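Biologist: Let us go through the side-chain contacts. For each label, I want the value and the cut-off behind it.

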Amino acid sequence: MMVKKLFSKKQKGIAMITIMITIMFLSVIATAMLYISSTNLSMKSANTIGKKNYYETDSALLETTTAIRNRTMSASSPLDEIKQLTTNPTGTLDASNPGHYDVTKVTQLIYPSASGSATNCVVNDLDSTGNVIGDYTFTAKGGQNVVTVEGPTSGVTKFTFKNMEVIHTSTDGYQNSVKTDMVFEIYERVTPSGGAGGVGNMSMLLDSNLSSSAANFKCLTMTGNCFMADFSGGATGTSPALTHSYVKPGSNALSMTNESRLNLKGGNNVIYGDVNLTSSDATHGSSLVVYGKLTVYGDIHVSNGASLIIAEGGELYQPNWILPGRSTPPVFDVGTNNVFPAGLTPTPVSTDNFQNFTETLNLDTTINTTGEYGLIKKIFKKNPGSGISTRLTDLGSAASNINTFSITGLDNSGSHGSYDLSRGYFMSSFYGGDGFGVAFLPYGINTSSMNGGFNASDPGKFYDHKLMISLNNSPLNMQQSNPYTTWISNTPVTCSQAHCITLSKVGTDQFNYMTAAKGDPESVAYNCDSNPFNHFKIQFGSNTFNGKFGDFFEADCNATVDKMFDSSAGGSGGGGAKTYMSAVRFEEYERDFE
């Protein structure tokens, strides 16, 4: 009994110690678990905040590129809008002249009230209730805010905003940055439905001047588009508003006196040089009536009894800066009673429009170093081949004196085409049942007076849907023509007969058929054996051509005509046919993620 009692006394307190040790052990484990959980929660929270901060930074960059893209795509001239975001909006921005984008102007596209410098701009980041939760810093990393231009190449111009950086700093102290080169590729397109319609939609394509001085001349109406020019014999000049030298616009692109009248009903008309409308007295004068768009790169003089009328829906454009080779801006010399509507003033043409226009026609001497300028030289091939090594329109030069010629078609019986050797006509009645075709005006054939209209002694089919191409090296005197004729000439045209002349156009579809879509193998007209213009044989003196009629033309001749009209009228571009597509991407992308 004594032994048992002693042993029981020694065991007292052991349970308490064991419990305490267990509690302490569990407390350590619990504390560790709480610490780990807290650390994980903090890390997860930090990661969430950091990611949120990063995505906010990246979102700000994407918002910036979208704002630039939207601005350029909603404008008639993406280049002009890009220039507005630079430090020199009125300067030159092209492949040879990079600029500097203004960071604050770019930032203001998404934060209109932002202020800063050309290389740095800071704005507050606000939550939905207006509380400041951080800030954004828009900057050009290293102060290198360069914007470069590549192209246009095949209708694509590439603008690169280099070293654009966006930094987001939260009130929690987190900071993230994204740096990249923002690349915008602008694709220029001319929509078929709204385009100027190319060569076939023109009434007159004249690389020279048009005039009428005879008292008995009545009226000339052009329902298609029109181009005429006075290139000053190839003289060149500079302008303080431009950086290059250009073929200078002359003083007599359109001249009308006495009671002659010209109606321009086409949607697109361009005159390169001065317009002079006058008369012998104050009551009987010439008149120019414009129903579509007319751009005049030169002076406009209307005096005595002459009148300039801009019909409802018509538009008149004229530069208000000094043209190449001149000392003063173009004048609008029109008396109060000589213009309708009263008080009319032309809409200014921008220097960018002029530069695009002159580039299309090779009037910029930095592009043209060989005297190859003008619309005709841009649409006809310099060397069409098949026995002719010069442009079709150059065959009538003084050295050639081409005055004998013959034309044959696929079948001389006339089942696929007919021809009149005495007048140089080649007509087809295959397309759509309407007779249409081409008429050449070689040297020595009706040079003093060209009758392009209906004549009772000749079959009427010779005057339907006709493309008249002058090969003359002397002026043409137009007598009459029917509504479906397109005139092409690089020598002056005068009107002096007592007739009312109407020129419409050969037609876009007809021209494309005649030229087999300018050598496009995808065209149904290209390899069509029954298309007589694909079996075209013509001899001018010792020059013989045997091939497709379309081989005389450049493949992009229609696009050249449309581009000329698109770039001519100030801001809206002649026919309003130009549209743009764009692509955006990032190059040299870097990010700093906390």
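**Charged pairs and aromatic rings**

Modeller: Searching the whole structure gives twelve salt bridges. This is a predicted model, where local features need pLDDT of at least 70, side-chain atom pairs count only at pLDDT 80 or more, and totals for chains, interfaces and linings use all residues. Residues are numbered from 1 along each chain as its sequence is written, and side-chain values use heavy atoms, with hydrogens and water left out.

Biologist: What makes Lys179 and Glu590 a salt bridge?

Modeller: The term requires a side-chain nitrogen of Lys or Arg within 4 Å of a carboxyl oxygen of Asp or Glu. Here the closest N and O atoms are 3.9 Å apart, so the pair counts.

Biologist: Why does Lys179 count as buried?

Modeller: Buried means under 20% relative accessible area, exposed over 50%, and partly exposed in between (1.4 Å probe, protein chains only). Lys179 has 8%, so Lys179 is buried. Glu590 has 40%, so Glu590 is partly exposed.

Biologist: How do you know that Glu185 and Arg585 form a salt bridge?

Modeller: Their closest N and O atoms are 3.0 Å apart, so the pair meets the cut-off. Glu185 lies in strand 6 and Arg585 in strand 37, so the contact ties together parts 400 residues apart in sequence. Strands are DSSP runs of E with at least two residues, helices are runs of H or I with at least four, and both are numbered from the N terminus. Glu185 and Arg585 also belong to a salt-bridge network with Glu150, Lys158 and Glu587.

Biologist: Now the rings. Why is the pair Tyr297 and Phe357 called stacked?

Modeller: The whole structure has 18 aromatic pairs. In this one the ring centres are 4.7 Å apart and the planes meet at 25 degrees, so the pair is stacked. Rings of Phe, Tyr and Trp (its six-membered ring) pair if their centres lie within 6.5 Å; planes under 30 degrees apart are stacked, over 60 edge-to-face, and the rest tilted. Both Tyr297 and Phe357 are buried.

Biologist: What makes Phe511 and Phe553 edge-to-face?

Modeller: Their centres are 5.2 Å apart and their planes stand at 90 degrees, so the pair is edge-to-face. Phe511 is buried at 0%, and Phe553 is buried at 1%.

Biologist: How do you know that Lys265 lies over the face of Tyr291?

Modeller: Lys265 is 5.3 Å from the ring centre. The rule asks for NZ of Lys or CZ of Arg within 6 Å of the ring centre and within 35 degrees of the ring normal. Lys265 is therefore listed over the face of Tyr291.
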